[in-house]
Amino acid sequence: MNERLRSLQRSFQRYLVVGAQEESLSAQIRGRDSAERVRRLRVYRSAYNTRLEKALAHDFPATRTVLGQRSFALVAGEYVLAHPSRSPSLRDLGNQLAGWLAERDGLFRSDLAALEWAVHDVFDRPDTEPVAPDALEGLEAARWARLKFELSPALHLLETSSNAVDVWRSLRRDEPFAQLCSTARRRWVVWRVRESPRVSEVTHETFLALRELGLERRLENVCEALLEWITSDRIADVVARAISQALNGGWIIAVSDERA
């Protein structure tokens, strides 16, 4: 492949993604006049953007329903301009949509998008074998402080300030759904069982403990970190309940004894 062709391909790719250099690129396209050459280029760019918008609609069906087809298309178009695809795969195209919505559209719709991204993300994470619920029974007390826990890659921790989860559940059941609105802050675990997404609410303390456990630090360091939010007399109980819930939920895939 000669350098001139490679340069043309790079220019065309950049044009498709961000719309750059339309005038100079159109000069290299066959056509009766400049206007016709530009129209030909825009056909390709329009088709490319439509493909990206359809990919986002597939990954965020509830957000699309709540926004409405037309509004979602406008949002998706603006989003892909702000966050153009950097990969041949569209799998991660929407990984920044929730944050982007939060910056421009408030928290309610971003809550819903964050939930849908979590569901999308856990769907095709690698299959892993969870640690058996009774794996730690009979463990010597002296060893607990050294333990490190690895959480499943098919698991997300999510916080919401709206009824996004209720709206999402209604839409999945094809039931009438309420408007997105403010609620008390709630915490959730999103994970996959076989090919089905699960969403379960957890307490604030359990959420904090799971978040710290997910950092794969020694349990004694997890407990020290939790002192910022939980009194020392309750740390052991909170951590024990979080570990028990994680084991029973199949959220822990490895436990190691990390010596100092």
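This is a predicted model: local features need pLDDT of at least 70, side-chain atom pairs count only at pLDDT 80 or more; totals for chains, interfaces and linings use all residues.
**Stop 1: A142**

Begin by selecting A142, which sits in the loop that runs between helix 7 (107-123) and strand 1 (147-151). With a relative accessibility of 61%, A142 counts as exposed, the cut-off for that class being over 50%. A142 and L5 are separated by 137 residues in sequence, and their C-alpha atoms lie 67 Å apart in space.

**Stop 2: R187 and E159**

The remaining stops concern salt bridges, of which the whole structure contains 18. Select R187 and E159 and display their side chains, which meet in a salt bridge with an N to O distance of 3.2 Å. R187 belongs to strand 3 (residues 182-193) and E159 to strand 2 (residues 155-162), so this contact ties together parts that are 28 residues apart in sequence. Is R187 buried or exposed? Its relative accessible area is 13%, and R187 is therefore buried, since the class covers values under 20%.

**Stop 3: D166 and R186**

Colouring by accessibility would show D166 as partly exposed, with a relative accessible area of 34%. R186 is also partly exposed, its relative accessible area being 22%.

**Stop 4: R241 and E205**

Which residue forms a salt bridge with R241? Select E205: the closest N and O atoms of this pair are 3.8 Å apart. The bridge links distant parts of the chain, with R241 in helix 11 (residues 232-249) and E205 in helix 9 (residues 204-213), 36 residues away. R241 has a relative accessibility of 35% and counts as partly exposed. E205 falls into the partly exposed class as well, at 23%.

**Stop 5: a salt-bridge network**

Finally, select R91, D92, D121, D124 and R125 together and show their side chains. These residues are linked to one another in a network of salt bridges.

Methods:
Residues are numbered from 1 along each chain as its sequence is written. Side-chain values use heavy atoms; hydrogens and water are left out. Helices (H or I, at least four residues) and strands (E, at least two) are DSSP runs, numbered from the N terminus. Buried means under 20% relative accessible area, exposed over 50%, partly exposed in between (1.4 Å probe, protein chains only). A salt bridge is a side-chain nitrogen of Lys or Arg within 4 Å of a carboxyl oxygen of Asp or Glu.
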